[in-house]
Every structure is written in C-alpha cells, then in structure tokens.
Amino acid sequence: LATIQIAITLIGIVSGAVGEAQIASQFKGFFAKFEALQPFAGVLATLGMVATIGYLSTVLGELIPKRLGLINPERVAGVVAGPMYFLSRVATPVVWILSTSCDAILAALRIRAPKDSVSEEEIKGLIAICFNPKVSLPDNSFVTRCLDKLEFFTAIDFFLNDTARHA
C-alpha cells in the first residue's frame with residue numbers, strides 16, 4: 001500500500017510540474033488572444049491545466065485500469081504482479097523512511113495504536129470472497145505460506161481458481 005501511495009504521489013507531483021510548464025502556457029496563450037480575458041489569462045490557464053490533468057489522471061490513471069481489472073482480473077494481476085513486486089523492493093528504503101517518520105510524529109503527538117488491535121499472529125482464519133490472492137498478490141510463495149498457517153480458510157468464487165484449490 002505504501003509503495004502504491006508513493007507512486008501516486010510522485011505521479012501527481014510530476015504531472016503538476018509538467019502541466020504547469022507545458023499545458024498552462026498553452027492555455028495562457030489561448031486566453032490571452034481574447035482582450036476581455038487577458039487580465040484573467042493566468043488564472044484561467046491554471047484552472048484549465050488543473051481540469052485537464054484531473055480529467056486525464058482520472059480516466060487514464062483510475063477508471064481505465066480499474067475497468068481492465070474488472071474485465072480480466074487474473075490476467076491483469078498476472079501482468080502487473082512482477083512490476084509491482086520490483087517496485088515494492090526498489091521503494092523499500094523510502095517506505096521505511098516514511099513509516100518511521102509517521103511513527104515518530106504519532107509518538108510525539110502521543111497517539112498510540114489501540115491495545116486491542118489484531119496482530120498478524122492472532123489471525124486464525126480467512127474467507128476469500130471473489131479474490132485470488134495467489135495470483136493477485138506479488139509473492140505467491142509468501143501468500144501460500146500465510147494461507148498454510150491459517151486454522152480456517154475458505155474461498156468463495158464463481159470459478160475454481162488457484163486460491164480456491166488451495167482452500
């Protein structure tokens with residue numbers, strides 16, 4: 001999750017920087033052609049840039065990937081699992097720095113996790129509903145080891161997939 005958040009944040013920063021440098025100047029030139037809009041050309045250009053990047057980010061970065069995932073989830077998961085695993089390994093130092101910083105800030109604010117939170121060791125059972133973690137998650141051997149540790153595991157799905165076979 002932290003790796004994905006880092007990627008999303010970086011994409012947002014880069015698209016904003018590129019948008020400001022490239023897209024906003026195009027919009028400003030367009031709005032400056034109209035005498036009545038010349039005093040507002042900079043503001044309108046920024047609004048146009050934000051709207052354009054927002055639209056493209058939503059359609060290309062959110063809606064289309066989710067639609068592809070819904071159309072063929074196991075194939076998409078199989079295609080992205082390797083790159084996601086690589087990205088998670090490359091981002092490990094950054095994730096550690098961010099997690100440590102977050103923990104330090106919360107400790108300074110005297111905010112602690114509740115004592116009744118569930119630890120990994122306390123999880124005894126799992127029900128996977130229309131989810132195939134053996135294919136969807138990047139480390140199949142880790143998923144298999146975790147599933148083997150469970151006292152109770154069942155999978156509910158329309159198809160007999162790898163995870164359902166494991167159950």
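Buried means under 20% relative accessible area and exposed means over 50%, with partly exposed in between. The model treated in these exercises is predicted.

**Exercise 1.** Classify Cys130 and Cys146 as buried, partly exposed or exposed.

Solution. Step one: take the value for Cys130, a relative accessible area of 46%. This lies between the two cut-offs, so Cys130 is partly exposed. Step two: Cys146 has a relative accessible area of 27%. Cys146 is therefore partly exposed as well.

**Exercise 2.** State how many disulfides the model contains.

Solution. Step one: a disulfide requires a pair of cysteine sulfur atoms within 2.5 Å. Step two: applying this rule gives a count of 0 disulfides.

**Exercise 3.** Describe the secondary structure of the chain and its order along the sequence.

Solution. Step one: the elements number 7 helices and 2 strands. Step two: in sequence order they read α-α-α-α-β-α-α-β-α.

**Exercise 4.** Compare the radius of gyration of the chain with that of a compact globule of 167 residues.

Solution. Step one: the globule would have a value near 15 Å. Step two: the chain has 23 Å. Step three: for the dimensions, the C-alpha trace spans about 75 × 45 × 25 Å along its principal axes. Step four: for burial, 16% of the 167 residues count as buried.

**Exercise 5.** Characterise the surface and the charges of the chain.

Solution. Step two: the side chains include 14 positive and 14 negative ones. Step three: the centres of these two sets lie 4 Å apart.

How values were computed:
Residues numbered from 1 in each chain as written. Predicted model: local features only at pLDDT ≥ 70, side-chain atom pairs only at ≥ 80, totals over all residues. Heavy atoms only, no water. Buried < 20%, exposed > 50% of the residue type's maximum accessible area, 1.4 Å probe, protein only. Helix = DSSP H or I, 4+ residues; strand = E, 2+ residues; numbered from the N terminus. Rg over C-alpha atoms; globule rule 2.2 N^0.38 Å. Areas by Shrake-Rupley, 256 points an atom, 1.4 Å probe, with all protein chains shown as cover. Lys, Arg positive; Asp, Glu negative; His and termini not counted. Charge placed at Lys NZ, Arg CZ, Asp CG, Glu CD.
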